[in-house]
Amino acid sequence: MTTSRTTRLLTAPIACVLAIALGTTAPASASSTTKQDPRNDVVLGDANRGLDLAAVQLKTQHRKKSIRVTFKLHSPVSSAATLMKPGGVAVEFIKNKRIWRIVRIATTDGVLGSDVCSYARSGEVIEPYDCSTLPVTQVDATTYRTVVELRQVKKGAKVLQWTAGSMDFSAGTPVVDSLTAKDRRPFRWRL
């Protein structure tokens with residue numbers, strides 16, 4: 001069956017308007033950043049024990065609506081106690097001048113879990129608040145992954161400032177590893 005020229009001329013603008021109205025635009029491209037951390041560079045404690053970060057990768061997904069956070073360690077975790085809260089591995093996002101949004105992977109009663117919570121950026125110790133549970137995956141013996149919605153970190157952000165770290169309290173004295181930019185400043189990631 002052939003269509004007339006008039007029919008084609010009338011349907012083309014309608015199809016164009018429908019495409020615009022339904023939002024058929026090109027998908028937003030994913031953005032990612034990966035930062036490496038040297039072996040045995042812990043800032044506190046014994047470098048031969050505890051969690052030693054090797055790398056942290058942040059990658060947007062789902063049209064930049066969520067962030068996949070991947071932690072890579074230099075060696076496998078020796079026991080669930082090594083990741084026990086309040087320790088574990090974490091990325092600290094700056095929400096504003098007063099608040100961190102911290103994404104943490106840790107164990108509670110031997111069970112691996114992940115959450116995002118608000119913490120005060122001031123020096124005073126305040127309990128975490130506004131917490132949400134996140135999905136967590138142990139990819140292999142040294143790799144852990146979670147996903148957080150961008151709105152749970154900083155709604156509408158185009159640039160995120162972040163640092164990362166690990167803490168192990170299993171031996172009684174803490175072992176702390178920190179991943180920051182030059183002069184201990186946060187990294188900047190353009191989404």
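Arginine 63 lies in the loop between strand 2 (53-61) and strand 3, where strands (E, at least two residues) and helices (H or I, at least four residues) are DSSP runs numbered from the N terminus. The model is a predicted one, in which local features need pLDDT of at least 70 and side-chain atom pairs count only at pLDDT 80 or more, while totals for chains, interfaces and linings use all residues. Residues are numbered from 1 along each chain as its sequence is written, and side-chain values use heavy atoms, with hydrogens and water left out.

**Backbone features in the loops**

Phi of arginine 63 is near 60°, a positive value in a residue other than glycine. Lysine 64 is placed in the loop between strand 2 and strand 3, and its phi, near 65°, is likewise positive in a residue other than glycine. Most residues other than glycine have a negative phi, and most peptide bonds are trans. Arginine 63 counts as partly exposed because its relative accessibility is 48%; the scale takes buried as under 20% relative accessible area, exposed as over 50%, and partly exposed as in between, with a 1.4 Å probe and protein chains only. Lysine 64 is also partly exposed, with a relative accessible area of 25%.

In the loop between strand 3 and strand 4 stands proline 86. A cis peptide bond joins lysine 85 to proline 86, with omega about 10°.

**Overall fold**

The protein chain contains two helices and 12 strands. Read from the N terminus, the elements follow the order α-β-β-β-β-β-β-β-β-β-α-β-β-β. Of the 191 residues in the protein chain, 36% are buried. Among contacts (heavy atoms within 4.5 Å) with a separation of 6 or more, 54% are between residues 24 or more positions apart. The protein chain exposes about 11,300 Å², of which carbon and sulfur atoms supply 55%; accessible areas come from the Shrake-Rupley method with a 1.4 Å probe, and for residues only the protein chains shown count as cover.

**Isoleucine 67**

Isoleucine 67 is found in strand 3 (residues 66-73). With a relative accessibility of 1%, isoleucine 67 counts as buried. Isoleucine 67 and valine 147 are 80 residues apart in sequence, yet their C-alpha atoms are 5.6 Å apart in space. Leaving aside neighbours within four places in sequence, isoleucine 67 is in contact with Leu58, Lys59, Thr60, Thr146, Val147, Val148, Leu150, Leu160 and Trp189.

**The disulfide**

A disulfide is a covalent bond between the sulfur atoms of two cysteines. Under the criterion applied here, a pair of cysteine sulfur atoms within 2.5 Å, the count comes to one disulfide. Cysteine 117 and cysteine 131 form a disulfide, with their sulfur atoms 2.0 Å apart. This pair links distant parts of the chain, with cysteine 117 in strand 6 and cysteine 131 in strand 7 (residues 129-134), 14 residues apart. The torsion about the S-S bond of cysteine 117 and cysteine 131 is about 125°, so the disulfide is right-handed. Cysteine 117 is buried, at a relative accessible area of 3%, whereas cysteine 131 is partly exposed, at 43%.

**Pockets**

Pockets are found on a 1 Å grid over the protein atoms alone: a pocket is an open set of points where a 1.4 Å probe fits, with protein on both sides within 12 Å along at least five of seven lines, and lining residues have an atom within 4 Å of a point. Grid points are joined across faces, edges and corners, and a volume is the space filled by probe spheres set on the points.

About 420 Å³ of space lies in the largest pocket. Its lining has 24 residues, and the closest to its centre are Glu92, Trp100, Ile102, Arg104 and Met167. Two or more lining residues come from each of strand 4 (88-94), strand 5 (99-108), strand 6 (111-120), strand 10 (159-168) and strand 11 (175-179).

The second largest pocket has a volume of about 270 Å³. Among its 13 lining residues, the closest to its centre are Pro86, Arg104, Tyr119, Pro128 and Met167.

The linings are set out below, with Ala, Val, Leu, Ile, Met, Phe, Trp, Tyr, Cys and Pro counted as nonpolar, Asp, Glu, Lys and Arg as charged, and the others, Gly among them, as polar.

| Pocket | Residues in the lining, by class | Largest share of the lining |
|---|---|---|
| Largest pocket | 11 nonpolar, seven polar, six charged residues | strand 10, five residues |
| Second largest pocket | nine nonpolar, no polar, four charged residues | strand 6, three residues |
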